[in-house]
Amino acid sequence: TIPHVDETAWFDALLEFRDWVEDTLQAGPIGAVLTGIRDAVGWFVDVVIGLLLALGWPAVMAISATIGFAVGGWRIALLPLAGFVVIGAMDLWVSSMETLGLTIAAVTLSLLIGVPIGILAGRSERVRSAITPVLDIMQIMATFVFLAPFALLFGIGAPAAAIVTLIYAMPAAIRITALG
């Protein structure tokens, strides 16, 4: 086992920083904004997951197979159909729909935010040059690097995960829209 000492200076500094962040964010206007964002994103994720679970497995399988058929023909339609059959057979339907709902919510939010910014960047060279370094950083950094501070700001759970996924997906939406 790895020895663990709680009384080190580094550990105490991290605990003090965490406590300061929690006290500052819960008491001030920043906390109200972050709580509002967390609640709104959490509500949207819950709605999408609830919709997927309410549709049930036959509807989700039919929708995914229809999309696959429309995009690539009957062979492509068999892929999501077979995948969802395996997920159902392994009794992982609810957890898979939670993951799919979280992903759909994050991608939807990234498009809702990214497309207007991309349109603005496509029309203005100043906006494009201003946001390009930010987009570069967002794409270069690993997703798990964002997760730690966002878990501290938004708590552990679906809202923080959706926001981190949004940060990872949004640069592509902005850049593709700006090029269009």
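I started with Trp93, which is buried at a relative accessible area of 14% (buried is under 20%, exposed over 50%, partly exposed in between, with a 1.4 Å probe and protein chains only). Its partner is Phe84: the two rings sit edge-to-face, 5.4 Å centre to centre with 65° between the planes. For ring pairs of Phe, Tyr and Trp (its six-membered ring), centres lie within 6.5 Å; planes under 30 degrees apart are stacked, over 60 edge-to-face, the rest tilted. Phe84 is buried too, at 13%.

Note on the source: this is a predicted model, where local features need pLDDT of at least 70 and side-chain atom pairs pLDDT 80 or more, while totals for chains, interfaces and linings use all residues. Numbering runs from 1 along each chain as its sequence is written, and side-chain values use heavy atoms, without hydrogens and water.

Next I looked up Phe150 and Phe154, which are stacked at 5.8 Å centre to centre with 5° between the planes. They are four residues apart in helix α6, so about one helical turn separates them (helices are DSSP runs of H or I, at least four residues, strands of E, at least two, numbered from the N terminus). Both Phe150 and Phe154 are buried.

Then the core: which residues touch the most other members of the largest nonpolar core? Phe150 and Ile167 do, among 29 residues. Such a core joins buried Ala, Val, Leu, Ile, Met, Phe, Trp, Tyr and Cys through side-chain atoms within 4.5 Å.

Last, I checked Leu55 in helix α2. I have Leu55 down as partly exposed, at 36% relative accessibility.
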